[in-house]
Amino acid sequence: MLKERPSVGLIIGLVLAGVCALVTLSFDIFDGEPVQFFIALVLAVAPVPVLLAGVLALDRMEPEPRANLAFAFAWGAGVAVLFAGLLNSLNLIYIEHQIGNTTDARNLVATFGAPLVEETMKGLVLVGLLRFRRQELDGPTDGIIYASMVGLGFAMSENVSYYLAALSEHGPEGLAATVVLRGVLSPFAHPLFTSLIGISVAYAAQRRGATGVVLAGWAGAMVLHGLWNGLASFGGFPGLAVAYLVLMVLLFIELGVIFRDRKRIVALIHHYLPPYERNGLINEADIFMLSSLKGRRQARQWAKAHGGKAGVRAMSDYQLAATELGLLHARASRGGIDERSFLERQRELAGLMAHARMSFPRPTAAQGMPPPGYAPGAPPPGQPPPPPPGRPRWTPPSGA
């Protein structure tokens with residue numbers, strides 16, 4: 001299976017993030033009564049599984065390593081929240097001392113200080129991925145997914161503080177209003193802000209010398225965050241409505257980017273994998289199956305029905321390895337990997353595909369033969385699948 005042993009650095013990072021999260025939560029406990037704290041904690045954590053499921057549902061074509069996703073979430077929930085909270089508090093104390101008005105100071109810090117601090121702290125983990133896990137950033141979808149994970153972690157921990165403050169200062173009514181605003185109407189606000197950094201980091205991962213793009217993404221995230229906070233702070237309900245509309249527009253744009261990226265990955269499969277037919281790693285029906293999420297899902301269902309857990313595991317490994325192989329060739333074509341590393345990774349993926357194929361279930365005639373492509377509607381053997389729009393011209397891969 002395509003699993004990677006967690007590195008020592010990853011384990012240490014998770015421990016540090018956990019410690020930071022505990023420190024942040026301890027501050028919240030000291031700021032309120034234990035019962036109020038646990039109410040706030042439950043309300044902040046409750047929607048997280050649904051939100052994570054929504055993000056991960058967008059990452060089905062080429063799922064990211066779970067360890068990396070967990071680290072991004074933990075960074076947002078622990079390290080980013082703790083240091084952002086400390087810096088925002090210091091900024092608030094300074095501004096309040098300068099102008100002498102607590103409400104105005106909070107609004108100014110929320111609009112101009114918090115976006116800079118929070119997007120920087122969240123964005124650091126994405127820059128770290130660019131530096132140490134560059135090979136995992138194969139397109140804009142990857143950047144959006146990692147940014148969403150760190151954003152959801154950050155929002156979860158931050159919401160504990162907001163809910164606790166609302167309950168302490170305004171009672172159940174204030175808590176209900178805050179939960180509706182932050183937990184129901186805008187749960188993806190932080191992920192959307194930081195996604196601009198994620199997209200820019202993913203772009204930089206595919207091109208050398210793209211530091212300026214990362215800075216542009218960071219600036220965009222900061223401006224969007226500041227616009228949201230500023231309109232909410234100074235614009236009242238009309239301002240909040242405008243800010244919400246801006247977020248919805250960005251959300252639909254990014255969904256379009258993700259679906260377009262899926263088509264790009266399918267095109268890479270059609271472009272680079274046919275030469276492997278002579279090695280017996282793939283055939284026309286397999287390419288058809290790999291070309292859609294529906295076909296992949298039906299293939300896994302067939303494998304599970306005839307081979308149980310081992311069958312579906314083999315099919316999942318085959319699908320992921322085949323997709324990674326197409327992305328590997330694309331990375332090599334842009335000069336993003338040296339020949340030796342390419343050949344080593346190519347052999348690894350090809351070996352995994354071969355092993356997975358040997359592990360596919362082989363139902364008897366009485367059970368029914370698998371449909372071509374392991375999915376209903378696949379073309380019969382010998383008939384090539386229709387090419388996707390904009391199919392690139394094939395060039396022989398080195399070492400295939």
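**Reading rings, cavities and charges in a predicted model**

Q: I'd like to start with the aromatic side chains. How many aromatic pairs does a search of the whole structure find?
A: Happy to begin there. This is a predicted model, and a search of the whole of it finds three aromatic pairs.

Q: Is Phe37 buried or exposed?
A: Phe37 is buried, because its relative accessible area is 4% and the cut-off for buried is under 20%. Trp75 can be read in the same way: with a relative accessible area of 18%, Trp75 is buried too.

Q: Which residue lies over the face of Tyr162?
A: That is Arg182, at 3.9 Å from the ring centre of Tyr162. There is another case to look up in your viewer: Lys122 lies over the face of Phe154, at 5.2 Å from the ring centre.

Q: Let's turn to charged pairs. Which side chains can pair when their charged atoms come close?
A: The general idea is that side chains of opposite charge can do so. In this structure there are seven salt bridges. One of them joins the side chains of Glu158 and Arg182, at 2.7 Å from N to O.

Q: At 18% relative accessibility, does Arg182 count as buried or exposed?
A: Arg182 counts as buried at that value. Glu158 is buried as well, with a relative accessible area of 11%.

Q: Which residue forms a salt bridge with Arg340?
A: The partner is Glu344, and the closest N and O atoms are 3.4 Å apart. Arg340 and Glu344 both lie in helix α12 (residues 339-359), four residues apart, about one turn of the helix. Arg340 is exposed, with a relative accessible area of 64%, whereas Glu344 counts as partly exposed at 40%.

Q: What does Glu348 form with Arg345?
A: They form a salt bridge, the closest N and O atoms being 2.9 Å apart. Glu348 and Arg345 also lie in helix α12, three residues apart, which is again about one turn. Glu348 counts as partly exposed at 45% relative accessibility, and Arg345 counts as partly exposed at 25%.

Q: Now for the empty space. What shows where empty space is left?
A: Rolling a probe the size of a water molecule over the atoms shows this. For this structure, the search finds two cavities of 30 Å³ or more.

Q: What volume does the largest cavity have, and which residues are the closest to its centre?
A: The volume is about 90 Å³. Of the 14 lining residues, the closest to the centre are Met61, Thr141, Asp142, Asp261 and Ile265. The elements that give two or more residues to this lining are α6 (140-185) and α9 (236-272). The largest share, five residues, comes from α9.

Q: By class, what residues does the lining of the largest cavity have?
A: There are four nonpolar, two polar and eight charged residues in that lining.

Q: And how much space lies in the second largest cavity?
A: About 70 Å³. Its lining has eight nonpolar, two polar and one charged residues. Among the lining residues are Leu51, Leu152, Met156 and Arg182, and Arg182 is the residue that forms the salt bridge with Glu158. Two or more lining residues come from each of α3 (48-57) and α6, and α6 gives the largest share, six residues.

Terms used
Residues are numbered from 1 along each chain as its sequence is written. This is a predicted model: local features need pLDDT of at least 70, side-chain atom pairs count only at pLDDT 80 or more; totals for chains, interfaces and linings use all residues. Side-chain values use heavy atoms; hydrogens and water are left out. Rings of Phe, Tyr and Trp (its six-membered ring) pair if their centres lie within 6.5 Å; planes under 30 degrees apart count as stacked, over 60 as edge-to-face and the rest as tilted. Buried means under 20% relative accessible area, exposed over 50%, partly exposed in between (1.4 Å probe, protein chains only). A charge sits over a ring if NZ of Lys or CZ of Arg is within 6 Å of the ring centre and within 35 degrees of the ring normal. On a 1 Å grid over the protein atoms alone, a cavity is a set of points where a 1.4 Å probe fits but cannot get out, and a pocket is an open set with protein on both sides within 12 Å along at least five of seven lines; lining residues have an atom within 4 Å of a point. Grid points are joined across faces, edges and corners, and a volume is the space filled by probe spheres set on the points. Ala, Val, Leu, Ile, Met, Phe, Trp, Tyr, Cys and Pro count as nonpolar, Asp, Glu, Lys and Arg as charged, and the others, Gly among them, as polar. A salt bridge is a side-chain nitrogen of Lys or Arg within 4 Å of a carboxyl oxygen of Asp or Glu.
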